[in-house]
Amino acid sequence: MTIRLPDASGALTAYEPRFEPFAVTSGTPFTSRTVFSAAHVVADPFADTSPDSPAAVDWDATLAFRRHLWSHGLGVAEAMDTAQRGMGLDWAGAAELIRRSSAEAKAVGGRIACGVGTDQLTGPASLAEVQAAYEEQLALVEESGAQAILMASRALAAAAKGPEDYLEVYGHLLRQASEPVVLHWLGPMFDPALEGYWGSSDLDAATGTFLDVIAAHPDKVDGIKVSLLEAQREIDIRRRLPQGVRCYTGDDFNYPELIAGDDQGFSHALLGIFDPLGPLAAEAVRVLDTGNTAGFRELLDPTVELSRHLFQAPTRFYKTGVVFLAWLAGHQTHFTMVGGLQSARSLPHFARAYRLADGLGLFPDPKLAEERMKNLLALYGVTQ
C-alpha cells in the first residue's frame with residue numbers, strides 16, 4: 001500500500017508507510033537526566049470561536065495527553081510556548097491549565113513545572129507592573145504545588161532600559177520564590193518580541209547579564225532552560241553555571257549531543273520536540289541511564305531531521321506540526337488548534353512531517369495515521 005504525498009515542489013510522489021510502530025518498553029524512572037516535555041493543548045473543535053477569541057480547550061483530551069507523557073516517565077512542562085502561550089492561549093486559559101494539570105500530576109504522581117510570565121498585561125507596562133504580573137503568576141503556580149519556570153516576558157523586553165532592569169526584576173522574584181525555579185531564556189526565533197532580552201542584542205553581553213542573575217541567587221535557581229538553537233553557546237553557559245545549577249536544554253536542533261554531554265558536563269532536557277517524541281525519547285534516556293551513550297545517540301540522532309523540520313523558520317509555528325503529529329498518532333480526534341493555528345504550515349510541510357514521523361515509528365497505529373493523512377490530503381484536493 002502506498003500514499004501519494006506532495007513534495008516541496010508540489011509534485012506528488014508515492015510513499016509506502018511502515019507497518020509496525022517503534023517498540024517501546026515500559027521502564028523505571030530516569031536516573032541520569034531530568035527530562036521534561038513541554039506539552040501542547042487540545043482545542044475544543046465544537047466551540048464557536050474565532051482566531052482572536054479566548055481559547056476553547058478540550059480539557060479531557062489535554063489532560064489525557066499529559067497522562068501519556070507521565071506514563072513514559074517524562075515530566076510535563078506546562079503552560080509554556082508549546083501550549084501556544086501568547087499564541088492563542090491567554091493568561092486566563094493558562095491559569096486554568098496550570099490548575100488542572102497540577103491537580104492531575106498530584107493524582108498520578110507525575111512531575112510538573114509550570115510557566116510563569118506576564119501575559120495578563122495587554123498593553124505598555126511599567127517595570128512595577130511587569131513585576132506585579134510575574135508575582136501574580138508565581139503565586140498561582142506555587143499554590144498549585146508545581147515548580148515554577150520564570151519565562152521570558154514580552155512586557156519586560158519592552159519596558160526594560162538596560163541590563164540593570166532585568167537584574168532588579170529577576171532579583172526581586174528570586175528572593176520571594178518559595179522554592180528554586182527554572183529560568184527560561186527564549187530566543188527571538190521563537191518569539192520576535194523577545195529580541196534584545198537581558199538588555200542587549202549582543203548575545204555575549206546578554207549571556208553575562210543572565211549569568212549575573214544566577215550568580216546573585218544560586219540557591220533559588222534549580223536550573224536554566226536555554227532555547228537559542230546554538231549548541232556551543234549552551235555548552236559555554238553550562239560550563240559557567242554555579243555548582244548545583246542545572247542546564248535544561250531547549251535546543252530542538254542539537255538536543256542529542258547536548259543531553260549526551262562531554263567530559264565537562266551535560267544538559268538535562270526541557271523540550272517541545274519531546275511532545276511528539278515522548279515514548280522514543282524516554283527509551284533513549286533509559287539507554288543512557290545504563291551508561292550506553294552510543295546507544296542513546298543511535299536512538300535519538302535520527303529524530304533530529306524531524307525536529308529541524310518542525311522547528312524550521314518561522315520557528316514559532318512549530319506548534320502546528322506538534323499538534324498535527326498528535327492527531328495522526330491518535331492522541332486527539334481532530335486537527336484543530338486554538339487560534340486557528342492549524343493553518344500556519346503548508347501541505348508539503350505536513351506531508352514531510354508525516355513521512356519523517358512514520359519512518360521513525362512514532363505512530364502507535366500506523367494505519368490510523370495513514371487514513372488521517374489521506375483525509376487531510378483529500379481536503380486539499382489530492383486523490384489517491
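The model is a predicted one. Its strands β3-β4-β5-β6-β7-β8-β9-β10 form a closed barrel of 8 strands with parallel pairing. Between neighbouring strands of this sheet the average turn is 25 degrees, direction ignored.

- Strand β3 (residues 35–38) and strand β10 (residues 268–271) run parallel and are joined by 3 bridges.
- Within this pair of strands, F36 has L270 of β10 as its bridge partner.
- Helix α3 (residues 127–144) lies across β5 (112–116) and β6 (147–150), and its direction is at about 165 degrees to β5.
- Helix α7 (residues 231–239) lies across β7 (181–186), β8 (221–227) and β9 (246–249), and runs at about 165 degrees to β9.

- Strand β1 (residues 3–6) runs antiparallel to β2, to which 4 bridges join it.
- L5 stands opposite T13, a residue of β2.
- The two strands β1 and β2 make a hairpin in which 5 residues separate them.
- In the turn of this hairpin, G10 has a positive phi of about 95 degrees.

**Packing of α1 against α2**

- Two packed helices are described by the angle between their axes and the distance between the axes.
- For helix α1 (residues 59–71) and helix α2 (residues 91–108), the axes come within 10 Å and cross at roughly 45 degrees.
- The helices α1 and α2 are therefore oblique to each other, and α1 passes α2 in a right-handed crossing.
- On the α1 side, the contact is made by W59, T62, L63, R66, R67 and W70; on the α2 side, it is made by G93, E96, L97, R100, S101, E104, A105 and V108.
- The residues of this contact of α1 with α2 comprise 6 nonpolar, 3 polar and 5 charged.

**Packing of α2 against α3**

- The axes of α2 and α3 are 9 Å apart, and the two helices pack at an angle of about 20 degrees.
- Because this angle falls under 35 degrees, α2 and α3 are roughly parallel to each other.
- The crossing in which α2 passes α3 is right-handed.
- From α2, the residues W91, A95, I98, R99, S102 and K106 meet E136, Q137, L140, V141 and S144 of α3.
- Sorted by class, the contact of α2 with α3 holds 5 nonpolar, 3 polar and 3 charged residues.

**Contacts of S32**

- S32 is located in the loop between β2 (12–15) and β3.
- A polar contact of 2.4 Å links the side chain of S32 with the side chain of D289.
- Neighbours within four places in sequence set aside, the residues in contact with S32 are F266, H268, V285, L288 and D289.

**Backbone features in loops**

- Most residues other than glycine have a negative phi, and most peptide bonds are trans.
- A79, although not a glycine, has a positive phi of about 55 degrees.
- This residue, A79, is part of the loop between β4 (75–78) and α2.
- The peptide bond that joins A313 and P314 is cis, with omega about -5 degrees.
- P314 lies in the loop between α11 (304–310) and α12 (318–328).

Notes: Residues numbered from 1 in each chain as written. Predicted model: local features only at pLDDT ≥ 70, side-chain atom pairs only at ≥ 80, totals over all residues. Heavy atoms only, no water. Axes fitted to C-alpha atoms, helices over the stretch in contact; angles between N-to-C directions. Parallel < 35°, antiparallel > 145°, perpendicular 65-115°, else oblique. Left-handed = near helix turned anticlockwise from the far one by under 90°. Contact = heavy atoms within 4.5 Å. Nonpolar A, V, L, I, M, F, W, Y, C, P; charged D, E, K, R; others polar. Pairing = 2+ DSSP bridges. Polar contact = N/O pair within 3.5 Å; in protein donor to acceptor, adjacent residues only side chain to side chain.
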